[in-house]
Amino acid sequence: MSALLQGSSAEAQVVTVEAADRPLREVNREIREAVAAGHRVEVVEPLSRHNLAVGLTGEGHVTFRGSVGYYCGGLSAGGAIEVDGNSGWGTGEGLSAGHITVNGNAGMSVGAAMRGGTIHVRGNAGPRCGVAQKAGDIVVEGDIGYSTGFMSHGGRIVCLGNSRGSVGDSLWEGVVWVGGEIERLGIDAVVVTPEAEEVAEVDELLASVGVDGSGLDWKKVVAGQKLWYFEARDAKQWLMI
Amino acid sequence: MADDLNTPATAAGPGVAPEADARLEDLVAFGDGADPARPAGVPGSYARGDSPRWSPEAIADIQAKAQMGRYQLRGFSTFNKHLPSFDELVFQPATMTRLPLEGYREKCDTQTVLGDGLGKVEEPIVLDMPIYIAAMSFGALSANAKAALGRGARKAGTMTCTGEGGMLEEEREENRTLVYQLSPARYMIDLDHIRKADAVELVVGQGAKPGTGGLLLGMKISERVARMRSLPEGVDQRSTSRHPDFLGADDMTIKIEELREATDHRVPVFVKMGATRPYYDTAVAAKTGADVIVLDGMEGGTGASPELLLDNTGVPTMAAIPAARRALDDTGMTGKVKLVAAGGIRSGADVAKALALGADCVMIGSAAMIALGCNSPRYVEDYQKLGTEPGACHHCHTGLCPVGVTTQDPLLSERVDVEAASERVHRFLTALTMEASLLAKACGKSSVHNLEPEDLRALTLEASAFTGVPLIGADRPFSW
Ligand SMILES: Cc1cc2nc3c(=O)[nH]c(=O)nc-3n(C[C@H](O)[C@H](O)[C@H](O)COP(=O)(O)O)c2cc1C
Ligand code: SF4
């Protein structure tokens, strides 16, 4: 038996699902059904497998007792996911609603193209964090990798640590907040002084995931808008000369 | 100074009377009826130009770049004159060695199934014909054009593809079967829309501009387009060329598994690419686990591309198809992974030739646009405003499409009458299918899918060399 039901109340059961070497489709179906029904799910032996908890809906909660591979929680439209370990590439890619917490580090492209919801990485995030993001929030307590926010359309990426090179490269209306040092800005990225109320909104976001960002010297990275129009006056920006 | 300008003779040589000298010079110069506008001593090309290198187009191109300081963009497809054409291949119908089927009485199967080969999918796509309408995004096309294509495809028993701009409500409603495209930019991609799709397509490239991302100029980023693509209104959108969450083919395999999980293994996964190294690219794409490979040759249409990519990149469709088929044969994937070919398909004869060369299905973009009303001789003054005329228009990138097909202007869009345009699309698709099956029957085939390279002969050395089809007369493929 793989999905273990505990407790008697129909509303908030705890379901245990073993991932290990079981067929992914079965594992995911059990997770998906339990989360859709609003249960709490514990996934044991996730063994860094790819594509766990893809396409969740509903109000339930799933905890992975260990690390997960690529695309954990990808294309989900609900649910709360907690990874008690590290996560691979594309964690929460295409997320439209819901919440993902990674207690360790997240690999490349966390929150890629997401359209809503919140992703919270307690450790560091790899390169291209929030790439092509459309909306929603990403909070990284540690450092962010190079090209974070690449071509982000909207939403916020908030990093309490330092940023590697090329942060905020080719942004549309996405915003990257860096509390620590910025190694190098991306093409067309500019740092602007945030308004007090914007900082208050960031503090609010951080408080909602239980993080204290007070006392940080926020750098708000936005588009310089030199890549927004295909006009010769901006040629130097896109030729990078 | 050299005397090759036709100035009247004035200077006289020593000892010659000036008037006599001028008269003689006049006689020599013009006595044989020469044109006074054409100086003596220069060839006939003096007025005409005729440099094959510095053609009027090349000169105008330099002048334009010198003014704008950037490369030029435009819609439609390549103008490169050196591409091979499907017209260089002809069918050899059944005669003594084979029996033809009755063209008007016997049945030739045209049903086309996509996504059944690997047995991974619960609901493969079943089309009534080996043709469907290519990905053309809302943004590139108007909402009315999208709706008309969807309705026309439904009436004809085939499908369309969303293109990269997200799924439009109207098109979901009108289409019976709809492919949902995930481009590298991932505009409006979420679970809700994925679950409404009948297939999901990862696009790696397209024939008109391989190696680059989508392009949509500000004139077409209306409020609705901006909302669907999460862009500021009026910006010039130049999308990414690489996907945000995978790089190589091994990652793509995992991505495809994710899409299968998100759709609960219900619908097929397509991979679309521009033809550049079709043999190897197809072999690698087949290995990613996709159900269908869509290969778009360099003749492929576009809403907007850098002109230099249209004319200087890619592999022509006719050459790409046999290479892709060889790759599937060599990797044992024929029958498992289906091959859809596109790029420059104009007629049922082109459809039949693409199938004979190895495609399982074809996709039409430009031809479907033309059936909708593109380049039709109406609103002629609006073509003139764009500096063009019906039959020569390629101005989709301007957003000022005179017939409302490739615009976001509400007034222009209304020029597409959805019902009438959908009926034209329907009739055109039916006519294409009829043409393709007529050729198949003449070749003795009870299914269009039984057409094979043996049914073809090449009229030119190039066509034979590009496709491996026997050269007509010689009856064997041109080879080195
Ligand atoms: C107006 C227009 C818009 C297009 N938009 C897309 C797109 O969004 N995504 C894509 O993969 N291909 C797009 N294409 C390319 C077509 O899907 C297809 O590959 C091509 O049109 C086939 O060539 P054909 O036009 O000669 O039939 C577009 C083509 C046109 C003409
Ligand atoms: S008529 Fe419209 S769709 Fe056709 S080429 Fe011109 S602008 Fe493009």
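Colleague: How many residues of chain A are in contact with chain B?

Modeller: 41 residues of chain A touch 41 residues of chain B. Contact means heavy atoms within 4.5 Å. This is a predicted model, in which local features need pLDDT of at least 70, side-chain atom pairs count only at pLDDT 80 or more, and totals for chains, interfaces and linings use all residues. Residues are numbered from 1 along each chain as its sequence is written, chains are lettered from A and ligands numbered from 1 in the order in which they are written, and side-chain values use heavy atoms, with hydrogens and water left out.

Colleague: What is the area buried between chain A and chain B?

Modeller: About 3,600 Å². Buried area is the accessible area (1.4 Å probe) that two parts lose on being put together, summed over both, so the figure covers both sides. Carbon and sulfur atoms give 57% of the area. Arg25(A), Leu75(A) and Phe230(A) supply 22% of what chain A buries against chain B, more than any other three residues.

Colleague: Which polar links does the rule find across the interface of chain A and chain B?

Modeller: There are 22 residue pairs in polar contact, both residues at pLDDT 80 or more. A polar contact is a pair of N or O atoms within 3.5 Å; within protein, one must be able to donate a hydrogen and the other to accept it, and residues adjacent in sequence count only if both atoms are side-chain atoms. On the side of chain A that touches chain B, the largest share comes from α1(A), with 5 residues. That side divides into 22 nonpolar, 11 polar and 8 charged residues. Here Ala, Val, Leu, Ile, Met, Phe, Trp, Tyr, Cys and Pro count as nonpolar, Asp, Glu, Lys and Arg as charged, and the others, Gly among them, as polar.

Colleague: Why do Asp264(B) and Arg32(A) count as a salt bridge?

Modeller: A salt bridge is a side-chain nitrogen of Lys or Arg within 4 Å of a carboxyl oxygen of Asp or Glu. The closest N and O atoms of Asp264(B) and Arg32(A) are 3.9 Å apart, so the pair meets the rule. Asp264(B) follows α8(B) and has a positive phi, near 55°.

Colleague: What makes α8(B) a helix, and what is its span?

Modeller: Helices (H or I, at least four residues) and strands (E, at least two) are DSSP runs, numbered from the N terminus. α8(B) covers residues 249-262, 14 residues, so it passes the length rule. The expected span of a helix is 1.5 Å times one less than its number of residues. α8(B) reaches 20 Å from its first C-alpha to its last, close to the expected 20 Å.

Colleague: Which residues of α1(A) are buried?

Modeller: They include Leu24(A), Val27(A), Ile31(A) and Arg32(A). The helix α1(A) has 13 residues and reaches 18 Å, close to the 18 Å expected. Just after α1(A), Gly38(A) takes a positive phi of about 85°.

Colleague: What does the salt bridge of Arg260(B) and Asp291(B) tie together?

Modeller: Their side chains meet at 2.9 Å, N to O. Arg260(B) lies in helix α8 and Asp291(B) in the loop between α9 and β12 of chain B, so the pair ties together parts that are 31 residues apart in sequence. Both residues are buried.

Colleague: Are Asp84(A) and Arg65(A) buried or partly exposed?

Modeller: Asp84(A) is at 36% relative accessibility, so it counts as partly exposed. Arg65(A), at 39%, is partly exposed too. Their salt bridge is 3.0 Å, N to O.

Colleague: How many salt bridges are found over all chains?

Modeller: 52. Asp311(B) and Arg74(B) form one of them, at 3.9 Å, N to O. Asp311(B) lies in helix α10 and Arg74(B) in strand β1 of chain B, so the pair ties together parts that are 237 residues apart in sequence.

Conventions. Buried < 20%, exposed > 50% of the residue type's maximum accessible area, 1.4 Å probe, protein only.
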